[in-house]
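Please keep the sequence and the model at hand.

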Amino acid sequence: MVSAIILAAGKGRRMGSKLPKQYLPLLGRPLLAYSLLAYEQSLVDRVVLVVDPLDRDRAEEILQRYQIHKVSAIVAGGRERCDSVFAGLQKVDDGGQVLIHDGARALIRAEEINTALSVVSRGEACAMGMPVKDTIKEVGEDQSVIRTPDRSRLWQVQTPQCFLTEEIKEAYRRYLQEERSGATDDAAIYELMIGKKLYMIEGSYENLKVTTPEDLLMAEIILRRRGWSP
Ligand code: CTP
Ligand code: MG
């Protein structure tokens with residue numbers, strides 16, 4: 001059994017809109033509908049959708065309107081992303097694999113999901129990402145440069161991030177129990193708490209996380225090129 005957790009319980013503060021970004025229109029459809037449709041078309045068996053309890057009706061309306069049938073549970077998210085993932089993991093059965101996806105990554109495609117799924121089905125944890133294009137600087141609090149890591153070894157990390165269900169559950173259980181913080185993705189929690197190999201798999205530069213208003217424009221341009229219309 002391959003499950004996915006789609007995270008949509010964030011507040012979208014950087015977007016600065018009253019409506020949380022996952023419900024903002026992209027070519028007239030709610031942003032969250034696109035990733036739900038991609039998972040619906042993928043080889044994933046079932047999807048756990050994590051939302052703010054106040055937006056449950058909104059989420060159910062999307063499932064109905066876009067005929068999403070793979071969602072087996074809608075669960076209430078938590079304060080931080082890791083709390084939302086943990087809530088979602090409680091609804092995923094042991095003995096399979098789980099793909100964790102940011103609902104804000106509306107541009108994920110079913111083929112990319114299937115590529116990730118084929119890697120984790122071999123028992124290997126993996127995260128989708130791309131080699132960085134820009135040189136990256138590590139800077140101090142006064143913005144002075146500390147060092148310039150070798151760009152050829154740097155990747156930007158996206159989702160899905162894929163794990164054996166028991167392993168990622170164990171990683172999260174220990175991470176939260178030890179009251180750790182600071183991890184910004186699931187892979188970091190896995191690296192810290194499990195320490196087994198995790199592979200980067202090449203996705204697409206189009207798989208952006210809609211975060212600020214200009215990302216909405218970019219996403220619409222990409223969707224139009226893929227044949228979507230309003
Ligand atoms: N997310 C979540 N629960 C949280 C925080 C985030 O389910 N407590 C989800 C978001 O809905 C999003 C994904 O995790 O799909 C990635 O988070 P991010 O892009 O940071 O979204 P927000 O936290 O909503 O945005 P911001 O950080 O700008 O407030
Ligand atoms: Mg956030």
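The sections below take the ligand, the pockets and the backbone in turn.

## Basis

This is a predicted model, in which local features need pLDDT of at least 70, side-chain atom pairs count only at pLDDT 80 or more, and totals for chains, interfaces and linings use all residues. Residues are numbered from 1 along each chain as its sequence is written, chains are lettered from A and ligands numbered from 1 in the order in which they are written, and side-chain values use heavy atoms, with hydrogens and water left out.

## Ligand 1

Ligand 1 is surrounded by 19 residues, where a surrounding residue has a heavy atom within 4 Å of the molecule. Gly12, Arg13, Arg14, Ser84 and Lys209 are the closest. By class, the shell holds four nonpolar, six polar and nine charged residues. Here Ala, Val, Leu, Ile, Met, Phe, Trp, Tyr, Cys and Pro count as nonpolar, Asp, Glu, Lys and Arg as charged, and the others, Gly among them, as polar. Strand S1 (2-8) and helix H3 (81-89) each give the shell at least two residues. Helices (H or I, at least four residues) and strands (E, at least two) are DSSP runs, numbered from the N terminus.

Polar contacts are pairs of N or O atoms within 3.5 Å. The side chain of lysine 21 places an N or O atom 2.8 Å from an oxygen atom of ligand 1. Arginine 79 has a backbone N or O atom 3.0 Å from a nitrogen atom of the ligand. For arginine 81, a backbone N or O atom is 3.5 Å from a nitrogen atom of ligand 1. Taken alone, ligand 1 exposes 560 Å², and the protein buries 89% of that; these areas come from the Shrake-Rupley method with a 1.4 Å probe.

## Largest pocket

Ligand 1 sits in the largest pocket, meaning that more than half of its atoms lie within 2 Å of the pocket's grid points. On a 1 Å grid over the protein atoms alone, a pocket is an open set of points with protein on both sides within 12 Å along at least five of seven lines, and lining residues have an atom within 4 Å of a point.

The largest pocket holds about 1300 Å³ of space, a volume filled by probe spheres set on the points, which are joined across faces, edges and corners. Its lining has 48 residues, and Gly10, Arg14, Arg81, Asp102 and Lys209 are the closest to its centre. S10 gives the most to this lining, with five residues. The lining divides into 15 nonpolar, 16 polar and 17 charged residues.

## Second largest pocket

This pocket contains about 170 Å³ of space. It is lined by 13 residues, with Ala38, Ile108, Arg109, Arg226 and Trp228 nearest its centre. Helix H1 (31-41) gives the most, with four residues. The lining counts nine nonpolar, one polar and three charged residues.

## Backbone

Most residues other than glycine have a negative phi, and most peptide bonds are trans. The bond from threonine 159 to proline 160 is cis, with omega near 15°. Proline 160 lies in strand S10.

Glutamine 67 is not a glycine, yet has a positive phi of about 50°. Glutamine 67 lies in the loop between helix H2 (56-65) and strand S5 (71-76).

Definitions and conventions. A polar contact is a pair of N or O atoms within 3.5 Å; within protein, one must be able to donate a hydrogen and the other to accept it, and residues adjacent in sequence count only if both atoms are side-chain atoms. On a 1 Å grid over the protein atoms alone, a cavity is a set of points where a 1.4 Å probe fits but cannot get out, and a pocket is an open set with protein on both sides within 12 Å along at least five of seven lines; lining residues have an atom within 4 Å of a point.
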